[in-house]
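Reader: I am new to this structure and would like to understand the words used for it. Could you take me through them?

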Amino acid sequence: MKILIVDDEPDVRTLVRDSLQYSQHGLEPIEAADGETALRSVTIDSPDLVILDLGLPGHDGFTVLEQLRERSDLPVIVLTARGLEEDKIRGLKLGADDYMTKPFSPGELVARIETVLRRTHPAVSRRGVLRRGTLRIDLGARRTFRDEIETHLTPTEFNLLAELASHPGEALSHETLLMRVWGPEYRSETHYLKVYVGRLRDKLEADPSDPRLLQTVRGVGYRFAEAD
Amino acid sequence: MLADTSSGLRRFERTFNRSRLIGAGLAFALGPFYPNLGLGHVIALGLALFVEAIVVQIVFPRAREHYERLSWIAFSFDMAIVSYGFLVFSVDPYWTTYLVGALMPIAGGFRFGPRGAYVSAAVMSIAYVAVAQFRAEAFGLPESPQRLAFPVSMFCVSAFLMSGILRELATLRAQREAFVRQTTETAALRAVDQLKSEFLAAMSHDFRSPLTVVRGAVELLLGEKPGKLTIGQRDLAQSAERNVRRLEEFTEELLEMARLEHGAVALDREEVDPTELAREVVSDHQVLAKEKHQWFNLHFDSDSARLLADRSRMRQVMANLVGNAIKYAPTSTPIDVRAERDDGHYRLAVADHGPGISREERERVFDRFYRGARASSVPGAGLGLAIARSLVELHGGTLECQDTPGGGATFVMTVPLE
């Protein structure tokens, strides 16, 4: 697995590189010191995952992330030294798969890389086709259609939708969803869930401000609409 | 006085110059129609006012200093000319020019304060009485003593009123100046505070990347990734790791405090069951408590409460209280966590059975960077409780320190339900 490390600080790149190599999980590091090189490297080296520092000189990380998302679903873990909630939410909204605040532990970083890779390359897929109104979800093929037109979902978006849609009419708690879709270490990271539910609603609901498919269950979590 | 600066005196002289020109105009236009000592005197009166106006117009804008002395000279001329005016028209049986004298205490007061008002009232009174005496003898137009007393009283009352007005104005001015000074000081303090917060934020930010590298390197070393460590090397690396963590915590707290002071912490409120959250926090701290042979006694209301709160911030506050209880209480003591709701509030009390906190320190423990007597043996920056209190206050609640019955400290968080 090729991992592209984008950070302007050579020492941080070295640390991440060493962490990947020492982990002995077959993670091969590629490095880029700025956004332009990173975007080029995505095309040329086709990495499997990007670790992106948000505080880059020139094109900042958010811009790079935006441009990256325009062309692919490549899993991205963003790194930031600011640790601000708004950065975290903005990063997730722009399509980051995970978020780590500096200083982070090399062990945790490797664990996160593996979780994200596992999440975005699911080994076991579900089967069956689900219909709700004009929406059709093909769980086996991991494809979603609205009015028979395909709606593009990122792997994590699809995982969340599949998790909810597999239990129609049942309220799933924040914790359950976070543990099943993201992993046990994310059980209290409600930001992820909020941002992703928001993104799914934007893509799938007729009126995202009045959601019918992905319903909020106050104080508990979310529920997928029961059969018509 | 109102003309307390050179520019003020110059401004006043400009205003008075207009009055002098009006006076000169009146002398030329109306003087000949009044019975007077003769046309020559009327022209002399008008010219005197006119010439004085010209001189003041030339001298004042050019003068560099001694404005007050110049102003006194001009004012003396004013009084002399007005007195001369009394004299010029003293032949008039319906002599009324002395009325102009009542204006002089006003002009003097504006320029030189109460002193100017009273001096001009005295000069005008003397001039009036002298001219009245003169016209009684020269033209056989005597005034009775009570008639003489009236204008003199009028000059004095006018001076008295003027000094009263000046006193009021001085009070108002002092108040305004105090207000302006206070506003300026507040703005300056705010600017310093802002600068401090920005500095803290920038500093904490710049700390994070180097900290990542140091922490990561130590962790890789301790994981013996680059090679096996000797016992001595391991001890050193462990000590480095412990201290990097302290630095990390301190940096985090500084940044959090800076954000709170900046008002940059926005709550992401949702419905939260605080008792469930407290249980989670206690469970997360079981390992730490066990290390010190401490145990938790939980007293939770069976009714579930619903709080509109920021889950992660609430958890942070609870973790701070529970973490402190573990840190500061002696080994082998219980920690009581009590949660209850009453009249629209949710209350969480974390009580330890340690040495407690003295009455004098009870408020100070919430101050930034304050390290209480009991904290001396425990590492920390003294920001945890300050942050916790700010976060509780953001939720509209309070965080207080009380005694634990039987000895120890109890921290009580109270937040409104919904």
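Predicted model: local features only at pLDDT ≥ 70, side-chain atom pairs only at ≥ 80, totals over all residues.

Reader: Why is the pair Trp95(B) and Tyr128(B) called stacked?

Author: Rings of Phe, Tyr and Trp (its six-membered ring) pair if their centres lie within 6.5 Å; planes under 30 degrees apart count as stacked, over 60 as edge-to-face and the rest as tilted. The ring centres of Trp95(B) and Tyr128(B) are 5.4 Å apart and their planes meet at 5°, so this pair is stacked. The two residues are 33 apart in the chain, with Trp95(B) in the loop between H3 and H4 of chain B and Tyr128(B) in helix H5 (residues 114-139) of chain B. Helices here are DSSP runs of H or I with at least four residues, strands are runs of E with at least two, and both are numbered from the N terminus.

Reader: What makes Trp95(B) count as buried?

Author: Buried means under 20% relative accessible area, exposed over 50%, and partly exposed in between, with a 1.4 Å probe and protein chains only. Trp95(B) has a relative accessible area of 4%, so it is buried. Tyr128(B), at 1%, is therefore buried as well.

Reader: What kind of aromatic pair do Phe366(B) and Phe411(B) form?

Author: An edge-to-face one: their centres are 6.0 Å apart, with 80° between the planes. Both Phe366(B) and Phe411(B) are buried. Over all chains the structure holds 17 aromatic pairs, and ring pairs link Phe86(B), Trp95(B), Tyr98(B), Tyr128(B) and Phe155(B) into a cluster.

Reader: Why is Glu224(B) called partly exposed?

Author: Its relative accessibility is 23%, so Glu224(B) falls in the partly exposed class. Glu224(B) also has a positive phi of about 55° although it is not a glycine. Most residues other than glycine have a negative phi, and most peptide bonds are trans. In chain A, Glu148(A) likewise has a positive phi, near 65°, and a cis peptide bond with omega about 0° joins Lys102(A) and Pro103(A).

Reader: How do you know that S11(A) and S12(A) pair?

Author: Two strands pair if DSSP finds at least two bridges between them. Four bridges join S11 (residues 214-217) to S12 (residues 221-224) of chain A, and the strands run antiparallel. They form a hairpin with three residues between them, and Gly219(A) in the turn has a positive phi of about 80°.

Reader: How many disulfides are there over all chains?

Author: A disulfide is a pair of cysteine sulfur atoms within 2.5 Å, and by that rule the count is zero. As for accessibility, Cys401(B) is buried at 9%, whereas Cys156(B) is partly exposed at 39%.

How values were computed
Residues numbered from 1 in each chain as written. Chains lettered and ligands numbered in written order. Heavy atoms only, no water.
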